Amino acid sequence: MNHLKHLDWPFFEDRHRALASELDAWCATHLAHGAVDHEDVDASCKALVKALGAGGWLRHAVAGEGEAIDTRAICLLRETLARHDGLADFAFAMQGLGSGAISLMGTPAQREAYLPRVARGEALAAFALSEPEAGSDVAAMQCAAREDGDHYVLDGQKTWISNGGIADFYVVFARTGEAPGSRGISAFIVDAGLPGFEIAERIDVIAPHPLATLRFTNCCVPKSAMVGAPGEGFKVAMRTLDVFRTSVAAAALGFARRALEEGLTQSKERAMFGATLADLPLTQAKLADMACTVDSSALLVYRAAWERDQGRTITREAAMAKLMATEGAQRVIDAAVQLHGGRGVRRGEIVESLYREIRALRIYEGASEVQQLIIGRDLLKNG
């Protein structure tokens, strides 16, 4: 099965095709299944960030001075990494998401201080938006920052923060009160180790990734650490998520492609009733459904990425891509597990790890139900 066939689509330029092919070859050497030990997840993430930085891949996750973020490149990179290794995709994505606000709306001094280190894999980044009572509903945010001379003082909690506990800096969103609801939120760069900032809890999940709850108690950050203007935090967050929400869909697509490949191989090799599993009409129908889901998801993902790279607003398109690709990947991976029979649920099998990896993507950066609301509201507003 040619997993690079879609690179011929008109969404891409030659530089995108070359980028995806080069990364695929790099992954085959550096991320072969079983080649990376993920027993110590923190250490693995740090090692993967260093490797991705040394390979030159992380520079695509950040924007240099005067550059725009290439959404198609990010999506192709995430799809390729996810197809090879879920934790490698996570490591890449968090460098982009964690520094995305600085890439999009940071001052020249902020960009110079953080982005080159992120791109080289020398500094780990994190995006701290969610709270115990404010996940999908950002306007319910309680973490607050009060002005105090040349500083802001942060108090409150953040939770489900990826790279929590290992990041060198966090882009933290807090209520500054310029206006009610989402209009009174600002964004701040908070370096790890600042007095008043602590990791309150590490969170263990079904597909191990570094996650944590953060606590701020009279944590002082300089006014120069604010990203964007006071009260622009919601705008900063949404602009960042608009870029990386599409890339979540691309990661799901990578997982789905790998599941389809594994399902095809298993179907051809597994003996069944004097023939192979692939000879059964039910298997052929299942594989057809899997293939249709993969291609339809890919079309939505790269339509959204292409639209954004043309400078267009993609709120609806990104939501469609994220909804359909993540939900579709769940179905494709489930089908691949079913084709493997008992092997499919054995720890260490590729489809078993994919089954654990995909589940969170239907929740983070906007749960599927939130994407449905975004699409429905946009349709009602804009037709």
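Two strands pair if DSSP finds at least two bridges between them. Helices (H or I, at least four residues) and strands (E, at least two) are DSSP runs, numbered from the N terminus. This is a predicted model, in which local features need pLDDT of at least 70, side-chain atom pairs count only at pLDDT 80 or more, and totals for chains, interfaces and linings use all residues. Residues are numbered from 1 along each chain as its sequence is written, and side-chain values use heavy atoms, with hydrogens and water left out.

**Stop 1: the strands**

Select strand E3 (residues 151-162) and strand E7 (residues 211-222). They run antiparallel and are joined by nine bridges.

E2 and E3 form an antiparallel pair with five bridges. Ala144 has Asp155 as its bridge partner in E3. The hairpin of E2 and E3 has two residues between the strands, and in this hairpin Gly149 takes a positive phi near 65 degrees.

**Stop 2**

Two packed helices are described by the angle between their axes and the distance between the axes. Axes are lines fitted to C-alpha atoms, for helices over the stretch in contact, and angles run from 0 to 180 degrees between N-to-C directions. Angles under 35 degrees count as roughly parallel, over 145 as roughly antiparallel, 65 to 115 as roughly perpendicular and the rest as oblique.

Select helix H6 (residues 233-269) with helix H8 (residues 315-340). Their axes come within 8 Å and cross at roughly 20 degrees, which means that H6 is roughly parallel to H8. The contact of H6 with H8 has 15 nonpolar, seven polar and four charged residues. In these classes, Ala, Val, Leu, Ile, Met, Phe, Trp, Tyr, Cys and Pro count as nonpolar, Asp, Glu, Lys and Arg as charged, and the others, Gly among them, as polar.

The axes of H6 and H7 come within 9 Å and cross at roughly 155 degrees, so H6 is roughly antiparallel to H7. This crossing of H6 and H7 is left-handed. The residues in the contact of H6 with H7 are 17 nonpolar, five polar and three charged.

**Stop 3: the largest pocket**

Rolling a probe the size of a water molecule over the atoms shows where empty space is left. On a 1 Å grid over the protein atoms alone, a cavity is a set of points where a 1.4 Å probe fits but cannot get out, and a pocket is an open set with protein on both sides within 12 Å along at least five of seven lines; lining residues have an atom within 4 Å of a point. Grid points are joined across faces, edges and corners, and a volume is the space filled by probe spheres set on the points.

Centre the view on Ile363, Tyr364, Glu365, Gly366 and Ala367, which lie nearest the centre of the largest pocket among its 43 lining residues. The volume of this pocket is about 1,300 Å³. Helix H4 (86-105), E3, H6, H8 and helix H10 (368-382) each supply at least two residues of the lining. H10 gives the most, with seven residues. By class, the lining of the largest pocket has 23 nonpolar, 10 polar and 10 charged residues.

**Stop 4: the cavities**

The structure holds two cavities of 30 Å³ or more. For the largest cavity, select His3, Leu4, His6, Leu7, Ala20, Asp24, Leu76, Glu79, Thr80 and Arg83, which line it. Helix H1 (14-30) and helix H3 (71-84) are the elements that give two or more residues to this lining, and H3 gives the most, with four. The volume of the largest cavity is about 60 Å³.

With H1 and H3 still in view, look at how they pack: the angle is about 25 degrees, with the axes 10 Å apart. H1 is therefore roughly parallel to H3. The crossing of H1 and H3 is right-handed.

Last, select Arg78, Gly86, Asp89, Phe90, His209, Phe255, Glu357, Leu361 and Tyr364, which line the second largest cavity. H4 gives the most to this lining, with three residues.

Terms used. A crossing is left-handed if the near helix is turned anticlockwise from the far one by less than a right angle, and right-handed if clockwise.
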